[in-house]
Amino acid sequence: MREPIYGLPDHPSNQLGAYRTDAPDGQWTGRLDDRAWGKSANLFCYFTDIVSAEGYRLSVFFDKEYRPADGGPAMDLEPLGRMFRITTRQGKKGLSRFLIAEPVDPVA
């Protein structure tokens, strides 16, 4: 069963506006901090880069079953706090494209 996900207007967090939309090009490791439903059949995923501590907002879409464009798990079902190896590239409109998410197992 998935955790509750709120729409942006009803989201209990007032911190989501601090996340940037210009994630670095290439591969980086991020922690899934939160999610919110968007207006265009999309799900916003909020990650913190574990190296830079910068927060980034990335989108996944209904037509991809809320998975990154080139592969990865359905982000609406992933637990908050999970770590991922993420691949992003700048899109045509300057927003980052969420291409790949690979779960990273915690170090024992």
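Across the whole structure, a search turns up 7 aromatic pairs, where rings of Phe, Tyr and Trp (its six-membered ring) pair if their centres lie within 6.5 Å, with planes under 30 degrees apart called stacked, over 60 edge-to-face and the rest tilted. This is a predicted model, in which local features need pLDDT of at least 70, side-chain atom pairs count only at pLDDT 80 or more, and totals for chains, interfaces and linings use all residues. Residues are numbered from 1 along each chain as its sequence is written, and side-chain values use heavy atoms, leaving out hydrogens and water.

Let's start with W28 and F47, an edge-to-face pair with 6.4 Å centre to centre and 90° between the planes. W28 lies in strand 2 (residues 26-37) and F47 in strand 3 (residues 42-49), so the pair ties together parts that are 19 residues apart in sequence; strands here are DSSP runs of E, at least two residues, numbered from the N terminus. Both W28 and F47 are buried, meaning under 20% relative accessible area with a 1.4 Å probe, protein chains only.

F47 also pairs edge-to-face with F98, at 5.6 Å centre to centre and 75° between the planes. This second pair links F47 in strand 3 to F98 in strand 6, 51 residues apart. F47 has a relative accessible area of 0%, and F98 counts as buried at 3%. Which residues form one aromatic cluster? They are W28, F47, Y56, F84 and F98.

Elsewhere, look for F44: the charged end of R57 sits over its ring, 4.1 Å from the centre (the rule asks for NZ of Lys or CZ of Arg within 6 Å of the ring centre and within 35 degrees of the ring normal).

Methods: Helices (H or I, at least four residues) and strands (E, at least two) are DSSP runs, numbered from the N terminus. Buried means under 20% relative accessible area, exposed over 50%, partly exposed in between (1.4 Å probe, protein chains only).
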